[in-house]
Amino acid sequence: MKKIFIIFLIIFIIQGCADELDITPDGRTSLVDVFDDHYQTGAYLNSGYSYIYHHGLQYFFWAFLAGFSDEAHDNDAPTENLSQVQWYNGALTPTTNPLDFAFAGWNGNYYNSSWQGIRTANVFLANIAEANVNNEADRAQWTAEAKVQRAYYYWELIKKYGGMPIVTEALDINTDFKSLERSTFDDCVQFIVNDCKEAIAEPAFPWRIINNEDNRGRFTKAVAYALMSQATLFNASPLWNPSNDAAKWQQAAQVSKEALEALAANGYGLVSNYADYFISTPDLSSSPADTETILELKNSPGTGQVHFLNGIPGVAAFKAGATPSQELVDAYEMQNGMAPILGYSDEKHLSPIINTASGYDEQNPYENRDPRFYATVLYNQAYYGDVQGAPLYIESFVDGSAGIRNDDRRFTHNGYYLGKFVNRQLFGGAGGAGKWKQYRLAEIYLNYAEAENEANGPTQAAYNAVNMVRTRPSVNMPPLSGLSQEQLRERIRNERRVELAFEENRFWDVRRWKILNETDRLTTGMQWTKVGEEAFTVKRIIVDERQSYTDRFLVWPIPSNEISNTGFEQNPGW
């Protein structure tokens with residue numbers, strides 16, 4: 001942390017025509033001058049957004065985080081020795097993090113960036129009360145916004161590394177960093193909750209960004225609620241709540257309940273079309289068509305080139321990218337609401353336990369599935385769309401035009417391609433306009449359903465929350481009812497898996513549930529062989545076996561240089 005504080009620049013340049021979130025330090029203005037000027041004060045606050053991680057398609061070499069979980073196999077492995085190969089081989093150490101690349105705009109630098117964001121917020125909060133601003137409404141709004149910035153960076157920091165010192169002032173180079181002690185995860189979460197609640201209580205702090213493209217991606221009251229919902233849910237989960245303290249589950253349920261009520265009262269609601277939602281950019285009108293998005297990130301690609309970087313050879317894609325695993329495919333229910341696969345009778349997932357009552361047919365496994373399956377997964381013989389005036393169907397069978405090839409990153413290794421986020425009207429390297437949606441309302445419904453079930457369940461409130469997600473138009477899955485607490489727990493976990501697929505939730509969910517050793521040992525796929533004009537045979541295949549599934553991978557190691565600078569105790573197993 002010390003090196004961060006020493007080199008941190010405190011001065012900013014104002015560029016009249018610049019995007020408000022893109023103003024950066026220039027090294028020429030003193031801190032006193034910054035807070036003596038209304039516009040430079042605002043610019044300093046805006047600089048706090050520069051430390052937000054690049055989510056979405058920004059893990060090294062345009063990769064999805066899904067490929068580092070059991071949701072997907074990234075087809076850069078094994079032929080390209082990139083982050084994915086290193087992660088699959090268990091290369092994470094205190095000195096090397098394959099996900100922490102931080103080079104030429106790729107995602108990473110997590111530990112340092114979080115502390116830089118926290119320090120920026122602390123500097124701002126220490127000076128805003130006496131700053132020379134043009135009106136008190138701006139002062140109030142900016143103060144609230146800085147508190148949510150600090151909460152955001154603390155949350156991203158502790159989610160990865162566990163509890164950290166709670167620092168509320170800008171430490172200088174004379175600070176004895178070895179005197180800092182790590183706070184508990186719970187203490188950090190309560191600090192986050194307090195910052196968010198104070199921000200929400202500020203009348204000048206808006207609920208959403210309206211009619212201001214320059215301000216797209218700013219934090220709002222809705223973001224504060226999303227942060228509290230996610231943080232309290234993690235705090236109550238087995239990883240951070242080993243004694244299963246009921247009070248933590250009660251807090252998580254209450255926070256998410258209040259969030260849902262407040263968001264609904266201020267115009268937030270689930271969008272009806274699941275597939276189209278992920279290839280669209282939220283509008284900023286006072287009555288937006290997109291009522292679900294809570295936070296979109298301007299600096300993270302969303303749908304723009306997913307079809308090119310996670311696509312099929314038939315659309316001139318550069319690479320197949322992250323392709324849905326058979327484990328994810330098996331998680332999608334039948335349209336009748338029944339699970340097609342109840343588990344596996346072997347450790348390699350090659351012998352599925354088929355739910356014969358569900359109507360699942362091994363020879364026609366993609367028929368009559370949850371509509372979100374068709375929006376997310378491109379499978380053998382699936383209709384992709386019309387490409388250059390002709391219909392395109394996925395030929396992922398052996399020797400097909402998009403068939404399995406392990407020696408070429410352009411081809412699937414597991415028989416599937418990604419459908420979610422893919423704008424099928426685009427071809428080749430053409431880009432779209434979507435933004436990465438970091439928080440959306442469906443997640444908060446599922447957060448509440450999980451917490452309410454653990455705290456009091458099964459209750460009608462828990463059912464209502466999960467069924468809001470399941471039964472909305474374009475999904476229209478049968479509502480859940482009549483389950484035990486344990487059964488509802490498993491259904492809610494599965495609902496998160498399919499609803500939030502490829503949205504960076506699964507990677508963290510299996511950690512907070514402490515089931516990483518059950519989920520991330522391997523991924524499988526389907527190999528189809530054509531035996532007639534319209535006939536195929538099929539078998540399950542192992543795609544990769546991984547080494548990053550033991551308990552030490554539940555929490556990332558603190559970088560070794562920070563251990564030496566601070567004297568922090570390293571995380572377990574590292």
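The charged end of Arg405 sits over the ring of Phe411, 4.8 Å from the ring centre. A charge counts as over a ring if NZ of Lys or CZ of Arg is within 6 Å of the ring centre and within 35 degrees of the ring normal. Arg512 lies over the face of Phe234, at 5.2 Å from the ring centre. The model is predicted: local features need pLDDT of at least 70, side-chain atom pairs count only at pLDDT 80 or more, and totals for chains, interfaces and linings use all residues. Residues are numbered from 1 along each chain as its sequence is written, and side-chain values use heavy atoms, without hydrogens and water.

The whole structure has 45 aromatic pairs (rings of Phe, Tyr and Trp, the last by its six-membered ring, with centres within 6.5 Å; planes under 30 degrees apart are stacked, over 60 edge-to-face, the rest tilted). The rings of Trp155 and Phe234 have centres 5.0 Å apart and planes at 85°, so they pair edge-to-face. Trp155 belongs to helix 6 (residues 136-161) and Phe234 to helix 8, so this pair ties together parts 79 residues apart in sequence (helices, H or I, at least four residues, and strands, E, at least two, are DSSP runs numbered from the N terminus). Trp155 is buried at 0% relative accessibility (under 20% relative accessible area, 1.4 Å probe, protein chains only; exposed is over 50%, partly exposed in between). Phe234 is also buried, at 6%.

Tyr366 and Tyr379 form a tilted pair, 4.5 Å centre to centre with 40° between the planes. Both are buried.
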